[in-house]
Amino acid sequence: MTTSHVTPSSLSSVASARTLSQPGTALLGNGLETRGVHAWFGKKHVLSDITLDFAAGTVTALIGPSGCGKSTFLRTLNRMHEFIPTAAMAGEVLLDGKDIYAPGIDVTKIRLRVGMVFQKPNPFPSMTIGQNVLSGLKLAQIKNSNTDDLLESCLTRAGLWNEVKDRLGEHGGALSGGQQQRLCIARSLAVEPQVLLMDEPCSALDPGSTFRIEETIADLAKTMTIVIVTHNMQQAARVSDYTAFFLSDGGPGEMIEAAPTSSIFSSPQNKRTEDYVTGRFG
Amino acid sequence: MAIELKERPTPPAPRQITTKPRLSDQVFRTVVTIGGMASLVILGLIAIFLSIKGMHILVDEKFNFITESRWEVITDETGEVIEANFGIGAMLIGTMLSATIAILVGVPISVLSALYLTFYANGKLKKVLISVIDLMAAFPSLLFGFWGFFIFMSSAEYWAKLINKYLGFIPLFDVPTPIFERSPFIAGLVLAIMIIPIVTSISREIFDQTPLDRVQAAYALGATKLSMIKAVVIPYGRGGIIGGAMLGLGRAMGETVAVYTVLNVVYQVNWQVLFGAGGNVASLILLKFGEAGPYEVDALMAAGLILFLLTLIVNATADFLINRFGGKGR
C-alpha cells in the first residue's frame with residue numbers, strides 16, 4: 001500500500017501560499033481545504049484520504065490518468081458528488097473553515113459559493129444568451145436590480161462580451177462550442193462564487209477556444225479560487241499555481257504529490273509523479 | 001506569351017449508386033412494412049366504411065347534422081321511414097365540454113404525479129406507484145363509470161354546488177334548476193381520472209430523459225429542486241406533456257361507456273357544465289344503436305364519422321402545437 005499523503009515539503013509549500021496571497025476580500029474568502037476525503041460509489045472505494053488546501057486567489061490543477069478520482073474529488077468540493085445515487089463520502093471539506101457537509105447546511109448556498117464549469121458546455125437551450133448568464137439569479141432566487149451591468153461584467157470577465165453583445169437575445173445553442181463554454185463560465189460568475197471548480201473545461205474544445213479560456217482563467221484567478229481538473233499537462237503548467245497529482249494503482253485514487261506547479265514539473269519529489277509529468281505513462 | 005485558355009472538361013454525369021440488399025434484409029423489410037402499413041390500412045378502411053354508410057345522411061341533413069340538436073325517426077306500421085331529422089350539435093358540444101374539463105383537471109394532476117415519480121419518489125414506493133398507474137390504464141372503463149356513478153357522484157355534486165354558489169354569476173357555472181347529478185362536470189371529472197395514467201406515463205418518460213448535464217448545471221448554480229424543475233425539466237418536457245395531453249384528450253373524446261353511465265344524455269345544447277344534462281357523441285351512438293332501424297344506424301355511422309374527423313383535427317392540432325412550442329426546450 002502506497003502512502004497517499006502529501007510529502008511534507010509540498011504540503012508546507014501549499015499551506016504557505018495562504019500567507020503569500022493577498023488578504024482575501026469578502027468575495028475571495030479564505031479558500032477551501034479538505035481533510036481526509038474518501039469517496040465511494042456503492043461498495044467501490046474510489047478516492048482515499050485526500051487532504052489538500054486551496055488557498056484563496058490561487059489556481060490549483062488536479063492532474064492524473066483517467067480513473068484516478070480527480071473528477072470525483074472535484075465534485076466532493078461543491079457536493080455535486082452526492083447526485084450519483086450510490087455515492088458516499090467521508091472526511092471534511094472546509095469552506096472558510098466551515099464543513100460544507102455539516103448537518104443543517106443548506107446545500108444550495110454552498111453551490112452558490114462554489115461554482116462549477118463542466119466538461120461539456122451545457123447552456124440551457126430554452127434560454128437566450130442573456131437569460132443563460134443570469135439564470136443563476138433566477139435559479140437561486142437572488143434579487144439583483146442591476147442585471148444589465150451584471151450581464152456585461154460577467155460576459156466581459158468570461159471573455160465573451162465582444163462576441164455576443166449584439167446578440168444577447170439569441171439562443172445559447174447558436175454559439176460555437178468554445179463560446180458556449182465561456183457562456184457557461186459567465187453563467188457561473190453571475191452568482192459571484194468565491195471558488196470555481198472546472199472539470200476538464202477545454203477537453204471538448206479546439207486550441208483557439210482553449211487559449212481563450214486559459215486567458216479567462218488567468219483573469220478570474222485575481223478574484224477567486226480556482227480548481228481545475230485537466231488531462232492536458234501543458235495546460236496545468238500554463239494556468240495553475242499549484243498542481244496535485246492523483247493516481248490509482250487499481251485501488252482507490254490517491255494523491256501522490258501536491259506542490260507549486262513549477263516544482264511539480266521541474267523537480268517532482270515522487271518517482272511516479274516524474275514518470276507521469278514527463279510522459280512516461282498515462 | 002499568350003495564355004491559352006483551356007476549356008474546362010465537362011464534369012461527368014453523377015453515377016447511379018445502388019445496393020443489393022441481402023435476402024434476410026428484404027424479408028425483414030417486407031414484414032416491418034406490413035406492420036407499419038397495417039394500422040394505416042385499418043384506419044382507412046374504417047373511415048371508408050363510415051363514409052359509405054353515413055354519407056347520404058350527411059348529404060340529406062347538410063350542416064344541420066352538426067348544428068341542430070334532435071334525433072327523430074318517424075316510421076309507418078311497416079317500419080318504413082316517413083320522416084327523420086338528425087342533428088348532433090348538443091352531443092358535439094357535450095363531448096368537447098367534458099373532454100375539456102377532463103384535460104383541465106387531469107393534466108395538472110398527471111404532470112405533478114410524473115414530477116413526483118421522477119424526482120421525489122424513491123425505491124420501492126416508486127416501483128409500486130408506477131405499476132399501479134399502469135394498472136389504472138388497463139382498468140375497464142365501465143368500472144370507472146360505476147365507481148363514478150355510485151361513489152364519486154355524491155362528493156362531486158358537493159363540489160359542483162360549491163362552485164355554483166360562489167362562481168354561479170359566470171354563465172358557465174350557472175344552473176337553471178338545482179339538478180347537479182349526472183352533469184358534464186361530473187362526467188369530465190371521471191374522464192380526468194381515466195386519462196391520468198396515460199398522461200402521467202408519457203410525462204414521466206419524457207422527464208426521465210431530461211439531460212443530466214443540464215440538471216447538474218442548474219444544481220451547480222445553487223438551484224433548489226423546484227427552480228431546477230422549472231428551468232430545466234419543464235422546458236425540456238413541454239412537448240411531451242402536450243403530446244400526452246392530446247392523447248388523453250383523444251381518449252376523453254372517444255370514451256363511451258364511462259360517460260354513458262355517468263352522464264344524463266339529453267338532446268339540447270347545454271353550456272352549463274354543472275347542470276345535470278349534457279351530450280356525448282359516443283354515448284349517443286351506444287344509446288341508440290340497440291334499437292335503431294337500418295336508416296337510423298346510418299345516421300349513427302355519420303355521427304361516428306364526425307367524431308372520427310374531430311379526433312383527427314385534435315391530433316393534427318396537437319402535432320402543430322408540439323412543433324410550434326415543444327422544440328425550444330430541446
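Colleague: Let's start with Ser69(B): how many other C-beta atoms sit within 10 Å of it?

Modeller: Ser69(B) has 19 other C-beta atoms within 10 Å, so it comes out as partly exposed. With C-beta atoms placed from the backbone, 20 or more others within 10 Å makes a residue buried, 12 or fewer makes it exposed, and partly exposed is in between. Before we go on, this is a predicted model, where local features need pLDDT of at least 70, side-chain atom pairs count only at pLDDT 80 or more, and totals for chains, interfaces and linings use all residues. Residues are numbered from 1 along each chain as its sequence is written, while chains are lettered from A and ligands numbered from 1 in the order in which they are written.

Colleague: Got it. Which strand is Ser69(B) in, and what is it in contact with?

Modeller: Ser69(B) belongs to strand β1 of chain B, residues 69-75. Helices (H or I, at least four residues) and strands (E, at least two) are DSSP runs, numbered from the N terminus. Beyond four places in sequence, Ser69(B) is in contact with Gly87(B), Gly89(B), Ala90(B), Tyr267(B), Gln268(B) and Val269(B). A contact here is two C-beta atoms, placed from the backbone, within 7 Å.

Colleague: OK, switching to the interface. How many residues does the contact take from each chain?

Modeller: Chain B puts in 19 residues and chain A 24 residues. On chain B, α7 (212-220) and α8 (225-254) each supply at least two residues, and α7(B) gives the most, with seven residues.

Colleague: Which residues of α7(B) are buried, and what do they pack against?

Modeller: Arg214(B), Val215(B), Ala217(B), Ala218(B), Tyr219(B) and Ala220(B) are the buried ones. They pack against α3 (107-113), β6 (114-117) and α4 (129-139) of chain A, together with α8 of chain B. Just after α7(B), Gly222(B) has a positive phi of about 85°.

Colleague: And the largest nonpolar core: which residues touch the most other members?

Modeller: The core has 157 residues, and Ala186(A), Leu191(B), Ala218(B), Val281(B) and Ala303(B) touch the most other members. Such a core is a set of buried Ala, Val, Leu, Ile, Met, Phe, Trp, Tyr and Cys residues joined through C-beta atoms within 7 Å. Helix α6 of chain B (residues 184-208) gives the most to it, with 15 residues.

Colleague: What does Leu191(B) touch?

Modeller: Leaving out residues up to four places away in sequence, Leu191(B) touches Ser98(B), Ala99(B), Ala102(B), Ala252(B), Glu255(B), Ala258(B) and Val259(B). Ala192(B) is also in helix α6 of chain B and is buried, with 24 other C-beta atoms within 10 Å.

Colleague: Over to chain A. In what order do the strands of its four-stranded open sheet run?

Modeller: The order is β2-β1-β4-β5 (chain A), with antiparallel pairing. Two strands pair if DSSP finds at least two bridges between them. At the edges stand β2 (44-54) and β5 (98-99) of chain A, each with a single partner strand, so each has one side without a neighbour in the sheet.

Colleague: How many bridges join each pair?

Modeller: β1(A), residues 32-41, pairs with β4(A) over eight bridges, and seven bridges join β1(A) to β2(A). Between β4(A), residues 87-95, and β5(A) there are two. Leu94(A) is the bridge partner of Glu33(A), and it also stands opposite Asp99(A) in β5(A).

Colleague: What about the hairpin of β1(A) and β2(A)?

Modeller: It has two residues between the strands, and Gly42(A) takes a positive phi near 60°.
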